[in-house]
Amino acid sequence: MIISFGWTRDAFIAGRKSVTRRNWTDNYARGVTPGCLMDAYDCSPRAGGRKIAVIRVLSCQREALSRLITEPAYAREELQKEGGMWRDVKEFLELFHNFHSSPYRIEFEIVYEK
């Protein structure tokens with residue numbers, strides 16, 4: 001399996017990113033389990049991306065984005081784990097176009113860098 005970090009490539013490479021959120025289908029997410037390895041790309045391979053690392057999934061579960069609004073301390077911590085590139089929660093949530101959605105929250109560690 002692969003995962004791309006196009007928007008957050010620099011934070012990923014710098015080691016500042018340990019969490020990502022994805023609007024995956026349940027069927028796709030079923031294959032992303034704790035301990036599984038995924039090839040990390042700098043952008044989608046279909047767009048010419050190249051493999052930059054291998055990650056190990058630590059956890060993968062749905063999580064309501066509203067938690068980032070209702071729990072400010074948790075939101076600050078999560079924005080750092082997401083790479084620390086957003087000024088505030090609102091700016092981060094605009095990526096999802098629906099504050100009431102529940103994307104998959106994937107926590108990972110880099111096990112091999114190219």
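Select Phe5, Phe12 and Phe108: ring pairs link these residues into a cluster. Rings of Phe, Tyr and Trp (its six-membered ring) pair if their centres lie within 6.5 Å. This is a predicted model, in which local features need pLDDT of at least 70 and side-chain atom pairs count only at pLDDT 80 or more, while totals for chains, interfaces and linings use all residues. Residues are numbered from 1 along each chain as its sequence is written, and side-chain values use heavy atoms, without hydrogens and water.

The structure holds six aromatic pairs. Stay on Phe5 and Phe12, a stacked pair with 4.3 Å centre to centre and 20° between the planes. Planes under 30 degrees apart count as stacked, over 60 as edge-to-face and the rest as tilted. Phe5 and Phe12 are both buried (under 20% relative accessible area; exposed is over 50%, partly exposed in between; 1.4 Å probe, protein chains only).

Next, Trp24 and Tyr28. Their rings pair edge-to-face, 5.0 Å centre to centre, with 65° between the planes. Trp24 is buried at 15% relative accessible area; Tyr28 is partly exposed at 33%.

The criterion is NZ of Lys or CZ of Arg within 6 Å of the ring centre and within 35 degrees of the ring normal. Then go to Arg67, which lies over the face of Tyr74 at 3.7 Å from the ring centre.

Last stop: the cysteines. The structure holds zero disulfides (pairs of cysteine sulfur atoms within 2.5 Å). For Cys36, the nearest cysteine sulfur is that of Cys60, 7.8 Å away. Cys36 is buried at 15% relative accessibility, and Cys60 is buried at 18%.
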